[in-house]
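Here are some comments to read alongside the structure.

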Amino acid sequence: MVRVPTAMVAATGLVGGYAVARWTKKRPLGGVALAAAGAVAAREWQRKAGNVTAAALSGVYVAAFAGSHPLAKKIGAWPSVFAVAGGVAAASWAVVDRRK
């Protein structure tokens, strides 16, 4: 079975959630995509690194989502989403994925 890095799952959740919300014009549908990817990432963070790490990275994920909104007012929506997705991916990789 192929294991997808948690960094990719988390970043895809943020980018995909925004894309779904924007292109369908249904924000709740984007929220479902965001939450589903976040749940998958959190489950893998917990499995690979424990409860404390999973809770911390889940907090980073939620903070990135919330922080993308005011950041978008300064740099634009897509750049903001990509910036926070990159930050979450970097944190996930540094804390969980690079460990073998």
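**Notes on the chain and its helices**

1. The model is predicted, and its annotation should be kept apart from what is computed from the atoms. The unreviewed UniProt entry places the feature "transmembrane region" at residues 52-71 and 77-96, and this assignment comes from that record.

2. In the model, the stretch 52-71 is 100% helix and 0% strand, with its end C-alpha atoms 28 Å apart. For residues 77-96 the chain is likewise 100% helix and 0% strand, and here the end C-alpha atoms are 28 Å apart.

3. Taken as a whole, the chain holds four helices and zero strands, so that, read from the N terminus on, its elements run α-α-α-α.

4. How does the overall size compare with that of a compact globule? For 100 residues, such a globule would have a radius of gyration near 13 Å, and the chain agrees with this because its own value is 13 Å. The C-alpha atoms fill a box of roughly 40 × 25 × 20 Å when the principal axes are used.

5. Of the 100 residues, 34% count as buried, while the accessible surface comes to about 6,000 Å², with 69% of it belonging to carbon and sulfur atoms. Among contacts between residues at least 6 apart in sequence, 72% join residues that are at least 24 apart.

6. Helix α1, which covers residues 6-24, has 19 residues and reaches 26 Å from its first C-alpha to its last, close to the 27 Å expected at 1.5 Å a residue. Just after α1, Lys 25 takes a positive phi of about 60°.

7. Which residues of α1 are buried? Among them are Thr 6, Val 9, Ala 10, Gly 13, Leu 14 and Gly 17, and the buried residues of α1 pack against α2 (27-49), α3 (51-75) and α4 (77-97).

8. The largest nonpolar core has 20 residues, of which Ala 10, Leu 14, Trp 45, Tyr 61 and Val 88 touch the most other members. Each of α1, α2, α3 and α4 supplies at least two residues of this core, and the largest share, six residues, comes from α2.

9. Trp 45 deserves a separate look. What does Trp 45 contact, leaving aside its neighbours within four places in sequence? The residues in contact with Trp 45 are Thr 6, Ala 10, Gly 50, Ala 54, Leu 57, Ser 58, Tyr 61, Ser 92 and Val 96.

Note on methods. Residues numbered from 1 in each chain as written. Predicted model: local features only at pLDDT ≥ 70, side-chain atom pairs only at ≥ 80, totals over all residues. Heavy atoms only, no water. UniProt positions renumbered as here; feature names shortened; annotations may be inferred. Rg over C-alpha atoms; globule rule 2.2 N^0.38 Å. Buried < 20%, exposed > 50% of the residue type's maximum accessible area, 1.4 Å probe, protein only. Contact = heavy atoms within 4.5 Å. Areas by Shrake-Rupley, 256 points an atom, 1.4 Å probe, with all protein chains shown as cover. Expected span 1.5 Å × (residues − 1). Core = buried A, V, L, I, M, F, W, Y, C linked by side-chain atoms within 4.5 Å.
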